[in-house]
Amino acid sequence: MANLVQDSRKHVACYKYAIQYPLGCHYPATACLVPICSLYGAAVTTVEGVGSIKTRIHPVQERLAKCHGTQCGFCSPGMVMSIYTLLRNHPEPTPEQITKALGGNLCRCTGYRPIVESGKTFCVESTVCELKGSGKCCMDQEDGSLVNRWEKMCTKLYDEDEFQPLDPSQSKQGERITWITPATLNDLLELKANFPKAPLIMGNTELGPSIKFKNEFHPVFISPLGLPELHFVNTTDDGVTIGAGYSLAQLNDALHCIVSEQPKEKTETHRALLKHLRTLAGAQIRNMATSGGHVVSWPNFSDLNPILAAGNGTINLISKEGQRQIPLNGPFLERSPEADLKSEEIVSSVYIPYSTQWHFVFGLRMAQRQENAFAIVNAGMSVKFEDDTNTIKELQMFYGSVGPTTVSASQTCKQLIGRQWDDQMLSDACRWVLDEIYIPPAAEGGMVEYRQTLIISLLFKFYLKDPQKFPNIPEKFVSALEDFPIETPPRNSDCVDPHQPLQDPVGHPVMHQSAIKHTTGEAVYTDDMPCIDQELFLAPITSTRAHAKIISTDISEALALPGVVDVITAEDVPGDNNYQGEIFYAQNEVICVGQVVGTVAADTYAHAREAAKKVKITYEDIEPRIITIEQALEHNSFLFDEKKIEQGNVEQAFKYVDPIIEGEVHVEGQEHFYMETSSILALPKEEDKEMVLHLGTQYPTHVQEYVAAALNVPRNRIACRMKRTGGAFGGKVAKPAVLGAVSAVAANKTGRPIRFILERGDDMLITAGRHPLLGKYKIGFMNNGVIKAADVEYYVNGGSVGIILYLCEISLCFASTQVVEFIVLKSENAYYIPNFRCRGRACKTNLPSNTAFRGFGFPQGTVVVEAYITAVASQCNLPPEEVKEINMYKRISKTAFKQTFNPEPSRRCWKECLEKSSFYAGKLAAEEFNKKNYWKKRGLAIVPMKFSIGIPTAYYNQVAALVHIYLDGSVLVIHGGCELRQGLYTKMIQVASHELNIPQSHIHLSETSTVTVPNGVLTSESMGTDINGKAVQNACQTLMARLHPIIRKNRKGKWEDWIAKAFEESISLSVTGYFRGYQTNMDWEKGEGNAYPYYVYGAACSEVEVDCLTGAHELLRTDIFMDAAFSINPALDIGQIEGAFIQGIGFYTIEELKYSPEGVLYSRSPDDYKIPTITEIPEEFYVTLVRSQNPVAIYSSKGLGEAGMFWGSSVLFAIYDAVAAAPKTFVLSSPAAPEMIRMTCVDQFTDMIREIPRDDPSTFTPWSIRVS
C-alpha cells in the first residue's frame, strides 16, 4: 500500500485518491498529507485502479480526454479522482456537485471549463458536447478505434464483500517514529497519558505541513481513526454535539440535516458555519480535516472558530482524570494558559448550542480568491436583543487573521451593551474596535490598512444583517449582504470550419494524442521514470542572503548523516562554473536569495534534504543590496543598454496639443506555477564522458550546451531527452540549463545517476518568473481624444543575471533584454500615434533572475498602453472604448519600427466583439445597476490587441524534422519542438497525416532529443506549430515526391504496398525536413526592421461586479474574438486561448508575489500564492475564432498560445471601470487584488483608517515591499 500511494503522488503535485471507510462512503484525499499508516482498514484506489490503457478505461477518464480537459496532463489524474469519487457517491450528480468536487484541484493549462464540462456529462439531461444533442461526443471515433474497443465500465468498482476482516488495533515501528492506533477510547486515554507530547493524527492537514516545511519531529504518533466515541452526532433540545473525529465534510452534512429539521431561529450558528464550510479549503482537505482538530489547531485563521465562539460553542475534553468543558470564547482562542488543553487531554466533541429568537449569528470572511484560500480577515459576530426591541443585550465579535491568535473585541462589546442598534452605535463600534484591535505596521502578512478596513467593513455588513433593521435599510445597501455565487458556464465557442472535409485531419478538433494516458496516469514524466541502480537524490543548498560574501562553509555535519554520499560545491565543477554570466554553484559571493551554493547527494531525497539543512554557511553582507526597480534607478544599476524606437517628432508635437498628462503604472511579477516542478534525471555513462539527461524543458539544445560547458566536454557527448513536461509557460526555457548543469556536475563527481526534483518552494525560489515592470508615460492629445504624442519609458526588474542564450556563438539574451526588446517593439498595441517614442531598460537587482513567461513582456507592457488610453478618456470625459477606436490603426500602415501590416482583422474583431457581446447594452445595464447599488458596482471594459508572433532574429526560426517510414507502413515523426501542454505532437501528427494522406493511427511521435534532431531552437513564442509544422511538411512532401512514381503506377494500391515497393526499388524512406525560418530582422541602431512574420489580432470584453466593502469581485461575462486565420486544431487552439485567459486573470487580479525588504520571497507555496481555481471562470464565457488569411504560415494558421494571456487585462480594466463608479482614489496598477480594490474605494470606513495616527516609517521595517 505504501508503494501504491507514493507512486501515485508522482502524477500530480497533490494527488487525489479515493478512500472507502466501513460506512461505505468514498472520499478524495490529498496523498501528500495522508500518512500511510493511517490507511489501515481503508480501501485505496489510485488513478491506475480506476482504469488503464492496458485493460480498459473508465468513462471519467474517457470523457475528460474527449472533452479536451487535459493539456499538459500533470493534474489530470487528480481531476479524474475527484470526479470518480463523486460518482461513487452520487452516480447522477448535479452541476453544483461537480463544481464543488473540483474546487480543491488546481490546473494551470486548461482554464478549467472543459474539465467541468467533462464532469457535467454525467449529470441528468447532459450531452458530451454542444455540437451534437444526441448524448454522443463529436470526438467518438469509428468502431475500429482504440477507445471504442474498451467496454464502458460501471461506476461501481468494488464489492464490499471482498474486503478482509480487520484487526482493530495496530502498532507500527519505523526508523525514527512509532505509530500507534488504539483500539478503544480507554487505550487512547492511556496512550495520551503515557505520551503526553505525542500528537493525535486524524486528518493530518495541520501537522503534515509542519513536519514537512517547519522541520517538526515527533517520535510517537497516536491515530484514533475509527473510534466510535469520536464519530457521532447527538442532538438535544439545547443544541448539537459533533464528535471530534467527524471530518469537516461530515460536519457539513450533519449541519445540513440539522438546518433542514430545525426552525430557522434556532440554527443561526449552524447556517453561518455551513456558509463558511462551502469555501473552506477544498473538498480533499474537508474530507480529511476533522472538526476537533480544526478547532484546536488553527487558532489564528480558522474560519469556524470565530463563528463557534460567537455562537457560544464549547469543546468537550476527556482524559484519564475525567471530563471537562472549555468555552470556545476569547480566553481559549487567545490561548490563555488557564483556558488551554492539558497535555494529556483530547478533544472528544464540539457542542454547538441552538440560537434563540432574538439571537443572531453571522460569519464573514475575505480571502484572496473565493474558494480554497486562507482568509485575509474573517469574523464571527453575534448579537442578542432584548425581546421585541433593538436594544443590545449581548454582543460578541471575534476576528481571525488580525493577530497571532483569534482576537475578541470584548471591551468594545461591553461598552455597547444597552445601546440601540443604530448608526451612532455603528460609528462608535467602528472607532472602538479599531482602538482595541491593534495590527502592528510590520505585522506578518502585511496589508495592515486593508485588514483594519476589513475589520470595520465586516462589522458594517453584520450591522446591516439585523433582521429588524433589514426592512428599513436603504435599498441601495441590500446588495452588500449578497455573496457572489459560485457558478460555471456552459461552453459557448465557435470553433470548427463547417466547410472543412471530414476526412482531412487538419482543421478538426482532434483529441490530444496523450489525453487518454494523461487521464489514466500512464503518461510518463521525468520523476515517473523507474529508479536506476545506484541512483542518488539531489537537494539544493541555497543562499539566504541577497548580496553577501561567503566567509566559510561547513559541510561536516551534513556528511555525517546517514545516507549522504557527497556535498557538491563550486570546487567540483570540472569545466566553466560561470558560463555566459550564469553561475552554476555560487563561489565566494552570492547575489540573490535562492542562489544555488551547493547540493547534497544522498540515497533518498529525505536524507538529502535533511543534510542540506545542516550545511552551515557564514556570510558577510555587501552593500548595496538592490531589490526594487526604484532602488536600481537610484544606483544606476542596469543589465544592458537602453532599447528605443521612435517615429515623428515627439518634443515638437507636445507643443501643439491640448492637455498633457503624465503618470506611471506598476505591474508586479508572476510565478509560472507549472504543475510539474523542474525535474531532471542525469545518467553518467561509463565511456567517453557521455551523459544522458531526461528532463522537462522548452530548449534541449540550451541544456546540452550548459552541461557540456560545466563538464568541459564537447556537446556531442551530452544527450538531452524530453518526452513531455507538466507545463512550462516560458519557465523552462533558460532555467533547466542551469539546473541541468548543477545535476550533471553532481552525477560527474559521484559517478552515479542523479535524480533532481525540485520541491514547489525551491522551484519558486530558484527559478523566478515574470518580470515586474514600472512604466512611465507622458501623453499629449486633443480634447476630442486624438492622441498626438506619446513618450513612454519601461523598466523591468531583471534580477541578478541577464540570462544569455547562445546559438552559433551569437548571443541572444532570452530573458531580461529580450523581454525589454519585445515590450518596446509591441508598445503601440493596436494604436497609431504619429509622434511616438518608447524606451526600455532592464534593471539589475539582487533577486533571482527573472525569465521568459507566456506573452513575454506584452502582458505587462501593454497594460501601460491601455492605462494611458483610459487616462486620456477620463481627461476628455469620453468613454474609453471611444478613445480606443479613435486612435486605432485603420488602414494598411507601418509600425513605429517601420514594418508594414494590415490592421483589417483587428478592426473586424473589434467590431464583432462590440456587437456580439452587446457591449453598449451591457454598459447601460451596468450604469443602471450602479445607480441602484451603493456597495456593489459593475464595470465593463473592451481591449483590442495586435500581438506579434516569433522572434526578430531569422536564424532562431530554423528547425529540422526527421520522418521515417517503416516497412509495415507505420511512420515515426521526430522534430525539435517540445511537448509542453499545447498539443504540438498532436498537430504534427495532423500535419503528417494530411501530407502523407494516411490515417493518424499510422503515425507516432516518440520524444524530442538532441541526438535525433541536433541544434533545435526553443519551443516558445507560439512558434512551435509554425516552424516545426513546416519542417514536418517539408519532410513528408519530399517522401511523397519519392513515392509519386510508385503511386502513379498503382493508384488502387494500399499505402503498405507502395512502401514495400519503394523499398524493393531502393528508395530511401527516411527524410530530414528543414524549414529555414521566417526571415525576420531588427536593426536597433536605426530603430527599424521587419521584426515579425505576422500578427495575431483580437478583442475581448469583460464585465465584473465589485464588492466595495471587501474588495472581492466576480467575473460575470467575457467575450473573446481571436483572429485565428485557419485553425489546424480548433479544440487545442481554444484550449490555449481559454487557458491563457484564466492565467491572465490570475496575473492581473489575484496572483501576488510578496518579497521582504531583504529580498526573501515569501510566496513559495499554494498556501501563499493563489492561482485561479474553478471559481474564477466567468459566469458567461464566449470564445470565437475569427477566420482570415495568413499565407506565410502553414495551412494559413496562426500561433495563439501566447496572445490570449493579455485578455485577462479586460478583467483588470473592467474592475477599474467598476471602481470608477464608486468614490475612489484612482491609481492604476496590477494586479487588482482585493486589497487594491478595497483601498481604492473611498468611504467612511477608509476615512476612519486614514485618520488613525501612523507609526513613523523610520521606526519599523515593513513586512513586504513592491519590487516593480
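Among contacts in the chain between residues at least 6 apart in sequence, what percentage join residues at least 24 apart? The figure is 78%, where a contact means heavy atoms within 4.5 Å.

## Basis of the model

This is a predicted model, in which local features need pLDDT of at least 70 and side-chain atom pairs count only at pLDDT 80 or more, while totals for chains, interfaces and linings use all residues. Residues are numbered from 1 along each chain as its sequence is written, and side-chain values use heavy atoms, with hydrogens and water left out.

## Overall fold

The chain contains 38 helices and 47 strands, taken as DSSP runs (helices H or I, at least four residues; strands E, at least two) numbered from the N terminus. Its radius of gyration is 31 Å, close to the 33 Å given by the globule rule for 1268 residues, so the chain is as compact as a globular protein of that length. The radius is taken over C-alpha atoms, and the rule is 2.2 Å times the number of residues to the power 0.38.

Of the 1268 residues, 64% are buried (buried, under 20% relative accessible area; exposed, over 50%; partly exposed, in between; 1.4 Å probe, protein chains only).

## Annotated binding site

The unreviewed UniProt entry annotates a "binding site" whose residues include Glu206, Asp303 and Arg365; such annotations may be inferred rather than shown by experiment. The annotated residues are spread over 166 residues of sequence and up to 28.7 Å between C-alpha atoms.

Glu206 lies in the loop between α8 (185-194) and α9 (207-213) and is partly exposed at 27% relative accessibility. Asp303, in the loop between α13 (291-297) and α14 (305-310), is buried at 4%. Beyond residues up to four places away in sequence, Asp303 touches His276, Leu280, His294, Arg365, Ala375 and Asn378.
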